[in-house]
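Please look over the structure shown here.

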Amino acid sequence: MKHVVSVSLGSSRRDHRVQVELLGEKFEISRMGTDGDFNRALEVLRNLDGKVDAIGLGGIDVYLFVRQKRYAVHDGLKLMEAVKITPVVDGSGLKNTLEREVVQILSEKTDLLKKGMKVLMVSSLDRFGMAEALFDMGCDMTYGDLIFTMGMPYPIKTINELEEIADRTLPELVKMPFHMLYPTGKKQESQDEAKVQKFANYYYEADVIAGDFHLIRRFMPAGMNGQTILTNTTTREDVEFLREKGAGTLVTTTPEFEGRSFGTNVIEAAMVAILGKPLEQITPEDYQDLLRRLDFQPRILNLRS
Amino acid sequence: MQVLATHAEITDSLTVFADNYNKNERLKIMNRDWNRVVVIRATDIESLHTLILRDGVVSLKEGASENPDLTVISDSETLADIFYGDITPTEPYNNGTLRIMGSEDDIIRLDFISLMIWGE
């Protein structure tokens, strides 16, 4: 059996352990949240190093891809560098591949994504692949990075402006303490009421809300009117939260195991364990090929049934 | 020996910063509802300034203000370097040379504004 562990800066309330079979091989996949405690995450990572087959880093991005450029989040790098033996990934390699494919699948095989639909991405610089794929298929995009991270009432409407702002600011912003850019630990369990009220209209006006679930959750107002939520990691509690708020459909880009979808970091770590190659030799084509073999499909859940 | 910037140099750097901000129509739109008072205080010389953001526009005045939303504190040379755009605030902030008192949301926003003015 192969062991894959996701070490997350997020809440330990979401911890779990499942056994799954992938391509005929048994995997035990577990998650260990560290409640936003950076030093505890370092300690857990050092303890796991050399004892498991692959590690995923959750609750933090290490690499942000914007077209051909890659920006490294300094706090994320510190975590990654604590692991010397076991391959460790943050999900960004897979996100860039998988989430583009999910957009294509949804537009070709369902009515959930159509040209001209209004899509709010609460954050897009952590998943540029999805942001670009949605723009390229003709969606009316609102990239909400400045709205929700900076509190600026400024919707970015084009992929070019998103890239231009990223080029100006990301080289420095990635050096800031990560908790200033993204909710970690207990903050993930609460809503930012001031921003929920102030920016509710961006949610109401959208047909689709896409992006990181913690951010979607943190800013989602009550009284949604059947919107589709396109995201990755959700638990049963999250599904109930979306139902209560009035969302219509949940699409998760990663497969469901025992009632929850896993983060891309977990899936990427499992794929690395399957591939058995040194990380630096794994290419996007390896991921694409493996995704086809695994036949991962987006999970679509009607929240109103 | 530590280099000191003068009060006049800090004033000039802040004027350059404010002028560049006010010439940037996009920044004015982004910050149209961000009304804040920012005090800038040097630690090694007598120098106090206030940047006032109101309805998206920045103005500068000499001296401090009561109850600022943000207080930016550093040595004179670092302050002048930051507001002239010779260095970004990130490194001095992370190494403690630059201290900013205020909410984290406001701090990151001020950093973002600086990067939009002087970034790559």
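The report below goes from conventions to chains, then to interfaces and single elements.

## Model and conventions

This is a predicted model: local features need pLDDT of at least 70, side-chain atom pairs count only at pLDDT 80 or more, and totals for chains, interfaces and linings use all residues. Residues are numbered from 1 along each chain as its sequence is written, while chains are lettered from A and ligands numbered from 1 in the order in which they are written.

## Chain A overall

Chain A holds 12 helices and 15 strands. Helices (H or I, at least four residues) and strands (E, at least two) are DSSP runs, numbered from the N terminus. The radius of gyration of chain A is 18 Å, close to the 19 Å that the globule rule gives for 305 residues, so chain A is as compact as a globular protein of that length. That radius is taken over C-alpha atoms, and the rule is 2.2 Å times the number of residues to the power 0.38. The C-alpha trace of chain A spans about 50 × 40 × 35 Å along its principal axes.

Of the 305 residues in chain A, 50% are buried. A residue is buried if 20 or more other C-beta atoms lie within 10 Å of its own, exposed if 12 or fewer, and partly exposed in between, with C-beta atoms placed from the backbone. Among contacts in chain A with a separation of 6 or more, 65% link residues 24 or more positions apart. Two residues are in contact if their C-beta atoms, placed from the backbone, lie within 7 Å.

## A six-strand sheet

Chain A has an open sheet of 6 strands in the order β9-β8-β10-β11-β12-β15, with mixed pairing. Two strands pair if DSSP finds at least two bridges between them. Neighbouring strands of this sheet are turned by 20° against each other on average, direction ignored.

Inside chain A, β10 (residues 208-210) and β11 (residues 228-231) run parallel and are joined by 3 bridges. A:A210 stands opposite A:L230 in β11(A).

## A residue in α10 of chain A

A:R243 sits in helix α10 (residues 236-245) of chain A. Why does A:R243 count as partly exposed? Because A:R243 has 15 C-beta neighbours inside 10 Å. A:R243 and A:H74 are 169 residues apart in sequence and 36 Å apart in space, C-alpha to C-alpha.

## Where the chains touch

The contact between the chains takes 15 residues from chain A and 17 residues from chain B. On chain A, α5 (145-150) and α6 (159-173) are the elements that give two or more residues. The most come from α6(A), with 5 residues. The chain A side divides into 9 nonpolar, 2 polar and 4 charged residues.

## Chain B

Chain B has 5 helices and 5 strands. Along the sequence they follow the pattern α-α-β-β-β-β-α-α-β-α. A compact globule of 120 residues would have a radius of gyration near 14 Å; chain B has 13 Å, which agrees. The C-alpha atoms of chain B fill a box of roughly 45 × 35 × 25 Å along the principal axes. Of its 120 residues, 33% count as buried. Residues 24 or more positions apart account for 71% of the chain B contacts with a separation of 6 or more.

Helix α3 (residues 76-84) of chain B is mostly covered, with 8 of its 9 residues buried. Among them are B:L79, B:I82 and B:F83, and also B:E77 and B:D81. The buried residues of α3(B) pack against α1 (7-23), β1 (36-42), β4 (70-74) and α4 (90-95) of chain B. Just after α3(B), B:G85 takes a positive phi of about 85°.

Terms used
Nonpolar A, V, L, I, M, F, W, Y, C, P; charged D, E, K, R; others polar. Axes fitted to C-alpha atoms, helices over the stretch in contact; angles between N-to-C directions.
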